[in-house]
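Here's a quick tour for anyone meeting this structure for the first time. Have a look at it, then read on.

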Amino acid sequence: MDRQTYNRCSMTVRIACFAIPLLVLFGVYLFGVTEASTNPAEPSVEAVRRVIVDVDTGPDDAWALFHLLSSPGVRVEAIICVQGNTNVTNVGRNVLRVLTALGKENEIPVYLGSNEQLITPGPKSDSGYFGSDGFSDIDFPDLPEPDMSLLRSSPLNELNKLTEQHPREITFIQLGPLTNLALLFKVFPESRHRIREVFIMGGNRHGVGNTEKAAEFNFYSDPEAAHIVINNFGGNITILPWETASRENLITNQTWRFEVLGSAAHPLVQMLNPVERKPLGDNDSWMPCDLLVAMAFTHPYLVTETKRYRADVELYGWLTRGQLVLDHMNEGQGSVTIVDNMNREKILQMLLEMVN
């Protein structure tokens with residue numbers, strides 16, 4: 001064999017030695033892709049999104065819990081109750097009603113949190129928008145009474161332990177006044193650095209109030225707590241404010257709510273139908289504010305408009321106590337993301353898929 005022929009053979013061998021392993025690896029990859037596509041696996045440990053949900057359960061909180069507990073890849077580690085729509089015991093009862101309707105009353109720990117705001121509250125009316133019990137004072141004679149012994153107390157230690165066990169993995173979803181989270185930050189300051197992010201339904205965007213002239217209900221119910229959370233959490237805070245929840249394209253007429261969505265046979269839907277129908281006037285629309293926050297968390301693509309700001313909460317204003325104040329002069333900076341709009345059509349479609 002002459003040298004030229006030897007060199008050609010040697011080159012062929014080297015190419016084969018390099019190419020064959022690549023072909024083998026490529027075949028393994030294709031086989032793995034095929035297997036994965038025909039046999040989808042459960043979400044990996046890394047893919048699970050852990051949440052703690054803080055509620056003052058009226059029906060909009062119930063819809064949010066329904067969505068979160070129905071979402072693959074979301075693990076609700078705990079539900080914390082706070083006074084808001086009603087006292088904390090009624091909130092706990094309503095949470096258990098929701099979990100029982102979903103068959104999950106023994107799966108998710110439910111804690112009774114704060115029953116008053118940080119500063120001793122002033123006088124409140126006996127009945128809120130959703131009645132004195134947060135569920136429009138509806139009797140449910142055909143449903144079993146919730147097992148109140150399932151409610152646990154002293155949540156702060158447990159919340160802190162969860163953040164220790166899963167550092168930077170847990171998102172807090174705040175659907176009521178922020179009292180419990182503010183207390184956690186004060187009693188266990190190190191927990192502030194172990195929370196992944198915070199989602200809030202509350203505050204306002206343009207100073208439009210639904211409780212006082214310039215304050216939204218959740219922030220007005222405990223302005224000091226809102227101030228502590230906004231100023232002490234260094235991570236990302238996503239807020240869906242009152243003005244977004246009340247956008248014309250995000251509110252829904254009663255006909256769709258009760259004749260389309262409400263026709264589903266799901267036990268939770270049937271339980272919520274009278275709870276939501278009772279307080280609505282003839283011209284009122286359906287506004288599931290807390291549900292929108294839950295959906296913004298689970299499906300970020302539903303969010304179509306956002307802006308980022310530095311933010312604070314007004315504590316001393318005679319007319320503006322509890323207002324969320326945004327630094328409009330430095331838009332784009334800061335840790336607070338305001339959700340300004342969402343995709344209505346996809347939200348309604350997702351709701352119908354959830355109940356059927």
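## Helix α12

This is a predicted model, where local features need pLDDT of at least 70, side-chain atom pairs count only at pLDDT 80 or more, and totals for chains, interfaces and linings use all residues. Residues are numbered from 1 along each chain as its sequence is written, and side-chain values use heavy atoms, with hydrogens and water left out.

I347, L348, M350, L351, M354 and V355 of α12 are buried (under 20% relative accessible area; exposed is over 50%, and partly exposed is in between, with a 1.4 Å probe and protein chains only). Seen down the axis, these buried residues fall within an arc of 160°, so they line one face of α12 (the arc is that of the directions from the helix axis to the C-beta atoms). On the face turned away from that buried side, you'll find the exposed residues E345 and E353.

What do the buried residues of α12 pack against? They pack against α2, α9, α10, α11 and β11 (contact means heavy atoms within 4.5 Å; a strand such as this is a DSSP run of E, at least two residues).

## Helix α11

As for α11 (residues 289-298), 10 of its 10 residues are buried, so this helix is largely enclosed by the rest of the structure. Among them are C289, D290, F297 and T298.

Note on methods. Helices (H or I, at least four residues) and strands (E, at least two) are DSSP runs, numbered from the N terminus.
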